[in-house]
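Could you walk me through this model in my viewer, one selection at a time? I'd like to know what to pick next and what I'll find there.

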Amino acid sequence: MNDLSTPYVQVDGRALDADPLFLALMGGYGHMTAMQVRDGRVRGLDFHLTRLDTATKELFGEGLDGGLVRDRIRGALDEAGVRDASARLYVYAPEPGDRTVTAVILRPAVPEPGPQRVRSVPYARPSAHLKHVGVFGQVYHLRQVKAAGFDEALLVEPDGTVAEGAITNVGFIDGDTVVWPSAPALDGITLLVLQRELDRAGLPWRRQAVRLDEVARFDAAFVCNSVGVSPVPLIDDVRFPSDAEPVRMLQRLYEAAPWDVI
């Protein structure tokens, strides 16, 4: 008889070794970053390294060396035999003090074609400043809005304040100024790269509270993530231009942003 000194696991009727990392993955307590790699380079590498280090300190009480992260990505790319990829780094601690860094290499992402139609949903991510692995709520709402014919879900706080997209950051254009919602949200790497490029170009941006019932006053809207910047022609029943010059300017800034060697 099994004394269950180690857990017994079956998946689809097949027994698996219950490695502590497997159990940590099932528990959903960890964090990650995702990047697009081209020719062994990535945009905003310093932002990725800072994200991983600060989140590891917050969740597990110790930092994460950037050199180790780069080694893990390079090693995974080399083993996969690719220079272009979607790369993800996951950080878990199956036991206190037993931190693991897992690299996942996938096919390069293809940018979503055209503008992104957005539907608002009442949902706020817990610990929204972290890119954590507990994404059930985001995926649930994203699938719901896609089934209704939309492309992205807009997460809205209980008081009606706009926060972020399910898998994007959302931004607005007010005259010549880019406006980022100030509600709790993840600072996506593309958002941070755009802010840096706007600063370098001497172009204005600001953070402010944005209410869902006030979005119609903006001149344009957009979403952004690691595959780029997309115009938003529709939020619920509020329409925006799909070819606004300020959004095209953001696309150009992002495309011209430098790539860092991993």
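Start by selecting Asp-71 and Arg-74: in this predicted model, their side chains form a salt bridge, with the closest N and O atoms 2.5 Å apart. Both residues sit in helix H3, 3 residues apart, or about one turn of the helix. Asp-71 is partly exposed at 43% relative accessible area, and Arg-74 is partly exposed too, at 34%.

Next, pick Arg-99 and Glu-62, which meet in a salt bridge at 3.7 Å, N to O. This pair links distant parts of the chain, 37 residues apart: Arg-99 belongs to strand E6, while Glu-62 lies in the loop between helix H2 and helix H3.

Now move to Asp-187 and Arg-207, whose closest N and O atoms are 2.8 Å apart in another salt bridge. Asp-187 is in the loop between strand E11 and helix H5 and Arg-207 is in strand E12, so the pair ties together parts 20 residues apart in sequence. For a network, show Glu-245, Arg-248 and Arg-252, joined by salt bridges that share partners. The model has 13 salt bridges in total.

Finish at helix H4, residues 136–147, which reaches 17 Å from first C-alpha to last. Colour its buried residues: Gly-137, Gln-138, His-141, Leu-142 and Val-145. They cover an arc of only 125 degrees around the axis, which puts them on the same side of H4. Strands E7 and E8 are among the elements covering them. Turn to the face away from that buried side for the exposed Phe-136, Arg-143 and Ala-147. Just after H4, look for Gly-149, with a positive phi of about 95 degrees.

Conventions:
Residues numbered from 1 in each chain as written. Predicted model: local features only at pLDDT ≥ 70, side-chain atom pairs only at ≥ 80, totals over all residues. Heavy atoms only, no water. Helix = DSSP H or I, 4+ residues; strand = E, 2+ residues; numbered from the N terminus. Expected span 1.5 Å × (residues − 1). Buried < 20%, exposed > 50% of the residue type's maximum accessible area, 1.4 Å probe, protein only. Arc of directions from axis to C-beta. Contact = heavy atoms within 4.5 Å. Salt bridge = Lys/Arg side-chain N within 4 Å of Asp/Glu carboxyl O.
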